[in-house]
Amino acid sequence: MKKTLLLCSVVATLGLPGLAQACSAPDAKPAIPDPMTAETAQMVKANNEVKAYVKAMEEYLGCARMSGGEKRKEISALEDFAAEFNEAIRTFKSRNS
């Protein structure tokens with residue numbers, strides 16, 4: 001009985017903080033370079049950072065305990081950010097083609 005109680009305590013102590021950390025909001029949004037002055041390497045780096053941020057936000061939104069309205073607001077902000085980055089990519093490509 002004591003072994004079971006001890007095992008449960010250890011699992012709870014080690015497991016629960018990991019679960020709490022797994023559902024935390026990602027760091028701040030990555031910066032979007034100015035497409036009129038950016039170099040290719042900057043845009044590639046930004047593309048990788050934006051993809052990672054979007055994926056992290058999707059995972060966070062999947063596990064976060066938010067009201068429907070809060071979740072819709074976060075999704076809308078994420079879509080706006082992605083659209084802003086896509087516009088920068090289009091501008092960059094048109095400048096460099």
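Biologist: Is Cys63 buried, partly exposed or exposed, and at what relative accessibility?

Modeller: Happy to start there, with the note that this is a predicted model, in which local features need pLDDT of at least 70, side-chain atom pairs count only at pLDDT 80 or more, and totals for chains, interfaces and linings use all residues. Residues are numbered from 1 along each chain as its sequence is written, and side-chain values use heavy atoms, leaving out hydrogens and water. Buried means under 20% relative accessible area and exposed over 50%, with partly exposed in between (1.4 Å probe, protein chains only). Cys63 therefore counts as partly exposed, at 33%.

Biologist: Which residue does a disulfide join to Cys63?

Modeller: A disulfide is a pair of cysteine sulfur atoms within 2.5 Å, and a search of the whole structure finds one. Its S to S distance is 2.0 Å, and the partner of Cys63 is Cys23. The pair links distant parts of the chain, 40 residues apart: Cys63 lies in helix α2, and the loop between α1 (2-22) and α2 holds Cys23.

Biologist: Good to know! What pattern does the chain follow along the sequence?

Modeller: Helices (H or I, at least four residues) and strands (E, at least two) are DSSP runs, numbered from the N terminus. The chain has three helices and zero strands. Its pattern is α-α-α.

Biologist: Which helix do the buried residues of α3 pack against?

Modeller: Helix α3 covers residues 68-95. Its buried residues are Leu78, Phe81, Phe85, Ala88, Ile89 and Phe92. They pack against α2 (40-63).

Technical notes:
The expected span of a helix is 1.5 Å times one less than its number of residues. Contact means heavy atoms within 4.5 Å.
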